Amino acid sequence: MNKQKIVNKSRSYAATLAAGEVTSLRIKEDEKTVVRVYDGGKIGVAGRIGEGDDKALEKQAEEALSQNIPYPDALGSGEKRHEDICKGAIAEDDFLPAAKHLAARLKERFPDFIFSDKFAAEQMESTYRDSAGTDLSYASDSVEVSLMIKAAESSNIMDLGYGARRDFYSEDKVVSDIAKLLDVYRNKLPLPEEKLPVIIDAGVAQYILSHMVAEMYASGASLFSGKLGQKLFSDKVDLLIDRTPGKDAMVPFFDDEGVTLPQDKFYFIKQGKLEGLATYRRSAAMLNMPLSGSGYADFDSVPQSGNFRGVQFDDKGTKLTDVVKGKAIYISVTSGGDMTPDGNVATPVMLAYLYDGGKLVGTLPEFGISGNIYDLLGNDLIAVAKNDMFDYMEEQVLVTYFNIDKK
């Protein structure tokens with residue numbers, strides 16, 4: 001009988017902002033422990049919140065083997081690795097004063113706007129150990145600024161948002177970022193008549209990630225079924241899991257099954273070619289595919305595919321302001337959106353800006369955007385880039401051509 005033990009701990013502080021004021025402070029400590037046992041091609045799982053008796057937890061997991069849930073023996077390689085990249089993003093004693101000072105500064109600097117949501121900080125630690133001698137740990141900390149912003153005269157719940165999570169905190173940089181959005185917010189411009197490139201958050205990749213899950217691919221239900229190894233997109237498209245410590249705050253270098261990756265990377269798409277699929281230990285064994293480290297599990301459940309932490313495009317250090325010298329449309333707020341089985345993407349745009357010469361110059365009327373994913377990431381793609389307009393918010397963007405659907 002083989003065993004895994006995973007422990008996730010976190011301590012977080014969250015200040016709630018309402019109408020430009022700090023209205024509450026929540027301090028939360030979490031500790032979750034899971035034990036998985038493997039015997040005879042079956043898995044037993046038991047989880048616990050908080051401290052407790054590990055022997056009792058192991059016994060519960062062993063008893064759960066009677067549920068006869070099939071699973072391959074999921075042990076690591078005996079690797080030992082420990083990464084602690086905590087930088088002291090913000091001291092505990094400084095947290096509440098920092099939240100209040102930011103709220104007051106925003107209220108003074110932007111009196112015609114109302115700010116709400118949260119200012120938060122978190123420290124986390126994840127450990128994984130198993131019967132093969134594998135011993136992994138990761139610790140990091142971060143500050144998160146998440147703001148809903150409403151124009152004072154607006155009847156909307158919110159008009160735009162600002163969000164950033166970093167391993168350091170700079171109030172000056174946060175205020176500078178928000179100024180770039182709000183100082184030109186009331187400069188209302190018509191939709192350009194000419195066809196312009198669109199700058200959009202690279203999170204649009206969410207539309208294709210589910211189609212890269214190995215089980216969906218093997219069933220024939222994926223947009224990409226039967227196309228593994230084929231060139232599908234522009235040479236500029238590299239989509240990968242990158243769990244290099246420090247690359248993305250709060251992302252351990254191992255997944256929920258203790259799987260680590262060579263050089264902490266796994267490519268789904270490389271130079272436009274479909275290179276790999278999202279697998280976890282069971283799907284990799286069933287389908288005879290490489291492990292992508294995509295194992296996900298709630299603390300007391302059987303692992304499945306779905307851990308896409310660390311997934312991003314490789315922008316190769318390309319900067320937006322170097323790529324787009326003239327005009328473009330910068331998408332700030334979308335609502336909903338979906339992709340059809342044949343790859344057509346469409347979403348309403350609630351807020352967009354005209355971008356010109358490396359900066360935002362005014363807002364545009366509401367419209368919709370649409371296009372086929374093979375075009376958006378193919379011949380229409382100009383670049384994958386870092387959005388260097390902002391000082392604190394880290395945003396990776398796609399610069400491509402969409403169809404503009406005027407309302």
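The side chains of Asp 30 and Lys 28 meet in a salt bridge with an N to O distance of 3.6 Å, where a salt bridge is a side-chain nitrogen of Lys or Arg within 4 Å of a carboxyl oxygen of Asp or Glu. The model is predicted, so that local features need pLDDT of at least 70 and side-chain atom pairs count only at pLDDT 80 or more, whereas totals for chains, interfaces and linings use all residues. Residues are numbered from 1 along each chain as its sequence is written, and side-chain values use heavy atoms, with hydrogens and water left out.

By the salt-bridge rule the count comes to 27. Asp 30 is partly exposed at 26% relative accessibility, and Lys 28 is partly exposed at 36% (buried means under 20% relative accessible area, exposed over 50%, and partly exposed in between, with a 1.4 Å probe and protein chains only). A further salt bridge is formed by Glu 144 and Lys 118, whose closest N and O atoms are 3.7 Å apart; this pair links distant parts of the chain, with Glu 144 in strand β7 and Lys 118 in strand β6, 26 residues apart (strands are DSSP runs of E of at least two residues, and helices runs of H or I of at least four, numbered from the N terminus). Asp 238 and Lys 316 also meet through their side chains, at 2.5 Å from N to O. Asp 238 is buried, with a relative accessible area of 5%, whereas Lys 316 is exposed, with 53%.

Asp 159, in the loop between β7 (135–151) and β8 (160–166), is buried yet has no salt bridge, and the nearest side chain of opposite charge, that of Lys 150, is 5.8 Å away (Lys and Arg count as positive and Asp and Glu as negative, while His and the chain ends are not counted). Its side chain makes polar contacts with the side chains of Ser 154 at 3.1 Å and Asn 156 at 2.7 Å (a polar contact is a pair of N or O atoms within 3.5 Å; within protein, one must be able to donate a hydrogen and the other to accept it, and residues adjacent in sequence count only if both atoms are side-chain atoms).

Gly 44, found in strand β3 (residues 42–49), counts as buried at 1% relative accessibility. The C-alpha atoms of Gly 44 and Ala 64 are separated by 4.5 Å, although these residues are 20 residues apart along the chain.
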